[in-house]
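Hello,

Here is the structure I promised to pass on. Please open it first, then read my notes below.

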Amino acid sequence: MRRTIRFRFALLILLAGCSSQPQDIHESRFIMGTLVQFTISGVQQDKALEAIRVAADEMQRIEDVFTIYGAHANTVKAFNASEPGDIVMLPDEVDGLLATSLDVAWKSGGAFTPVIGSLSLLWGFSLPEAPVKPPSASNITAARSGVDLKYIERTETGWKRLSTQTMLDFGAIAKGYAIDRGMAVLRAQGISNAILDAGGDLRVIGDHAGQPWRIGLRHPRKEGATLGWFEARGDISIVTSGDYERFFTYQGRRYQHILDPATGMPADRSSSATVVTNNATLADAWSTALFVLGEDGLPLLESRGMQALLVDADGQMHATKLTLLPFHPSVQ
Ligand code: ADP
Ligand code: MG
């Protein structure tokens, strides 16, 4: 969730499909710090472009509502600046995504948590100036002290925090939510066959001229290479959290932007975590949780009906047995 223009390469790329009539329409917009790519098949260009315009506006609106960066005021920033104990009214939309986030936080044992804001701001991976070295251990300890669900409470009229170090950050879920909303807009505009890809987090509907969409999964260490591809048909989301887009190297060690709430340090068990499930909001939150949990998190996702694919820190690939979409590994 950033306003700064920093180009992000898509984790997942669309591989060449077969030809269709009329031609596919491809458009991209820069929203939420990432290149959002729309692919629409089976309709005339005018209709597709109008649908994309409305969907992109909706996604931009969501960024403005949820971002904790930039000068634009919103209720999430107001909460993060509130006096401990003061009640802050959150609009229904924020209240709803917070409730969903807290649910995933409980179910993931805190691997994903929406109250990680103080740590995210301290590490600064999403600030306009990218960080070049880690924060001090004492600052990490201080920020981490507020990263605990016991310091956030719902009241009859709103939400309150109990520590100045407890701050919301929807960075690991709002992009998925924006994809779901963007896709709902496309559908409402009469689009039935599309891919909405926000920097590798995507949702697909329909198919590609009667054939499944082919969705490539980026190799976390080989630029331009894929781990394989999914065959996707119907309404499904594929979301990946990776360590290869926002990171720096300091004294020979790599530091990336997904943090382990238990340590306050970058999670170090994974290099790429992909989740397949019906909606992008949950896929986004759970891909971040899985990245933190590593291979051990796979049974948890599987038991919740999600398909997942994990590349661990040594580059080994692991997957759930559950297969919602066929995956075809690349020949390495
Ligand atoms: P990406 O933004 O690359 O799609 P994620 O969906 O995993 O990746 O979101 C990462 C962002 O979420 C971070 O930039 C930070 O703002 C926030 N974050 C980092 N670690 C966690 C975590 N353990 N739980 C929840 N949010 C996190
Ligand atoms: Mg995420």
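Start with Asp169 and ligand 1. A side-chain N or O atom of Asp169 sits 2.6 Å from an oxygen atom of the ligand. Keep in mind that this is a predicted model. Arg246 makes a contact too: one of its polar side-chain atoms is 2.8 Å from an oxygen atom of ligand 1. Gly171 takes part through its backbone, where an N or O atom lies 3.4 Å from an oxygen atom of ligand 1.

How much of ligand 1 does the protein bury? Taken alone, the ligand exposes 570 Å², and the protein buries 97% of that.

The shell around ligand 1 has 21 residues. Asp169 and Arg246 are among the closest, and so are Ser241, Leu259 and Thr288. By class, the shell splits into eight nonpolar, seven polar and six charged residues. Which element gives the most to this shell? Helix H7 does, with three residues.

Now the sheet. Eight strands form an open sheet with antiparallel pairing. The order is E2-E3-E6-E7-E10-E15-E16-E17. E2 (25-31) and E17 (317-319) are the edge strands. Each has a single partner strand, so one side of each is left without a neighbour in the sheet. From one strand to the next, the twist averages 10°.

H7, the helix from the ligand shell, spans residues 280-293 and packs on this sheet. It touches four strands: E7 (201-205), E10 (236-242), E15 (270-277) and E16. The direction of H7 makes about 150° with that of E15.

E16 (residues 307-312) pairs with E17 in the antiparallel sense, over three bridges. Leu309 has Ala319 in E17 as its bridge partner.

Some further pairings are worth a look. Strand E8 (residues 213-218) and strand E9 (residues 226-232) are joined by six bridges, in the antiparallel sense. There, Arg214 has Glu231 in E9 as its bridge partner. E9 also pairs with strand E18 (residues 327-329), again antiparallel, over three bridges. Which residue in E18 stands opposite Phe230? It is Phe327.

As background, strands of a sheet pair through backbone hydrogen bonds, either parallel or antiparallel.

Best wishes

Methods:
Residues are numbered from 1 along each chain as its sequence is written. Chains are lettered from A and ligands numbered from 1 in the order in which they are written. This is a predicted model: local features need pLDDT of at least 70, side-chain atom pairs count only at pLDDT 80 or more; totals for chains, interfaces and linings use all residues. Side-chain values use heavy atoms; hydrogens and water are left out. Two strands pair if DSSP finds at least two bridges between them. Helices (H or I, at least four residues) and strands (E, at least two) are DSSP runs, numbered from the N terminus. Axes are lines fitted to C-alpha atoms, for helices over the stretch in contact, and angles run from 0 to 180 degrees between N-to-C directions. Contact means heavy atoms within 4.5 Å. A residue is near a molecule or strand if one of its heavy atoms lies within 4 Å of it. A polar contact is a pair of N or O atoms within 3.5 Å; within protein, one must be able to donate a hydrogen and the other to accept it, and residues adjacent in sequence count only if both atoms are side-chain atoms. Accessible areas come from the Shrake-Rupley method with a 1.4 Å probe; for residues, only the protein chains shown count as cover. Ala, Val, Leu, Ile, Met, Phe, Trp, Tyr, Cys and Pro count as nonpolar, Asp, Glu, Lys and Arg as charged, and the others, Gly among them, as polar.
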